[in-house]
Amino acid sequence: RKSLRKWRAKKMGFDGNKQFRLALSETVYKDLHQLGKIDANFPFDSTDTISQISKKMADLSIEAIRKASEQLESQTLDTAASMLVKADKIFLFAQGDSQIRARSFQNKMVKINRFLLIAEEYADQAWNAANLSKSDCAVFITYGAKIPQYDRYIKYFSKEGIPTILLTGNPTSSLLKLADLSIVATQDEYDFLKVGTFSSQVAFEYILDTLFSVIYAKEYEQNLVNLKQKYDLIEKGQLSEFSNLDN
């Protein structure tokens with residue numbers, strides 16, 4: 001039987017049974033880990049096991065990032081980073097799930113001493129819009145880009161010469177013609193008929209993380225120095241929980 005397996009392996013082009021087993025194992029591994037085509041709107045169903053759901057969600061996230069990466073342009077990211085670095089104040093306009101991504105971006109920018117404002121916090125977006133000046137920058141994060149007030153705001157900002165950046169997944173949005181700079185990352189995701197906003201929000205998080213990294217890299221050495229200084233202050237200095245402030 002052993003000689004028969006060896007003979008079959010050689011018939012298939014392998015030197016021996018061991019080489020055949022290695023090739024077979026590699027094929028099975030690749031098959032198990034190959035990204036399948038996952039429905040972005042209904043990536044799993046009721047018959048899936050937990051491990052199947054886990055793999056499908058991983059595949060969906062990887063595919064969303066890959067697709068977003070292919071649509072990004074280096075010059076656009078560099079221009080967006082420069083606009084944000086130059087701005088005195090940065091206002092983030094975002095609702096729902098997109099506002100969660102905006103807050104994540106806000107949190108990262110604090111680490112490099114850049115304090116962003118969520119314009120729609122406490123429903124004050126109109127007041128915040130009225131307070132922007134030419135030295136500021138307004139960033140709109142909206143996958144569908146179908147929010148009526150955003151159209152009004154961007155038109156006003158354009159008239160007043162206030163810089164605007166739009167991050168969207170809608171390549172046909174009327175906002176694209178109004179914003180100074182647009183970053184478009186489309187995904188295979190419907191507006192409403194879906195389990196959740198998985199693909200779009202994974203893509204937005206990736207793009208904003210990349211934008212933050214580009215900004216960080218522009219003053220990389222200085223940011224590292226500031227990071228060490230703040231780390232020492234928080235972990236070992238007066239802001240440490242072990243510090244005795246009365247001394």
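**Exercise 1.** Determine the handedness with which helix 4 passes helix 8.

*Solution.* Helix 4 crosses helix 8 in a right-handed way. A crossing is right-handed if the near helix is turned clockwise from the far one by less than a right angle, and left-handed if anticlockwise. Helices here are DSSP runs (H or I, at least four residues), numbered from the N terminus. The model is predicted: local features need pLDDT of at least 70, side-chain atom pairs count only at pLDDT 80 or more, and totals for chains, interfaces and linings use all residues. Residues are numbered from 1 along each chain, and side-chain values use heavy atoms, without hydrogens and water.

**Exercise 2.** Describe how helix 4 and helix 8 pack.

*Solution.* Start with the general rule. Two packed helices are described by the angle between their axes and the distance between the axes. Helix 4 covers residues 74–86. Its angle to helix 8 is about 65°, and the axes lie 9 Å apart. So helix 4 is roughly perpendicular to helix 8 (65 to 115 degrees).

Next, find the contacts (heavy atoms within 4.5 Å). Helix 4 contributes residues including Leu 77, Asp 78 and Val 85. Helix 8 contributes Thr 210, Leu 211, Val 214, Ile 215 and Lys 218. The contact residues divide into eight nonpolar, two polar and two charged.

**Exercise 3.** Check the length of helix 8 (residues 198–218).

*Solution.* Take 1.5 Å a residue for the 21 residues. The expected span is 1.5 Å times one less than the number of residues.

**Exercise 4.** Name some buried residues of helix 8.

*Solution.* Buried means under 20% relative accessible area (1.4 Å probe, protein chains only). Among them are Phe 204, Leu 211 and Ile 215.

Definitions and conventions
Helices (H or I, at least four residues) and strands (E, at least two) are DSSP runs, numbered from the N terminus. Buried means under 20% relative accessible area, exposed over 50%, partly exposed in between (1.4 Å probe, protein chains only). Axes are lines fitted to C-alpha atoms, for helices over the stretch in contact, and angles run from 0 to 180 degrees between N-to-C directions. Angles under 35 degrees count as roughly parallel, over 145 as roughly antiparallel, 65 to 115 as roughly perpendicular and the rest as oblique. Ala, Val, Leu, Ile, Met, Phe, Trp, Tyr, Cys and Pro count as nonpolar, Asp, Glu, Lys and Arg as charged, and the others, Gly among them, as polar.
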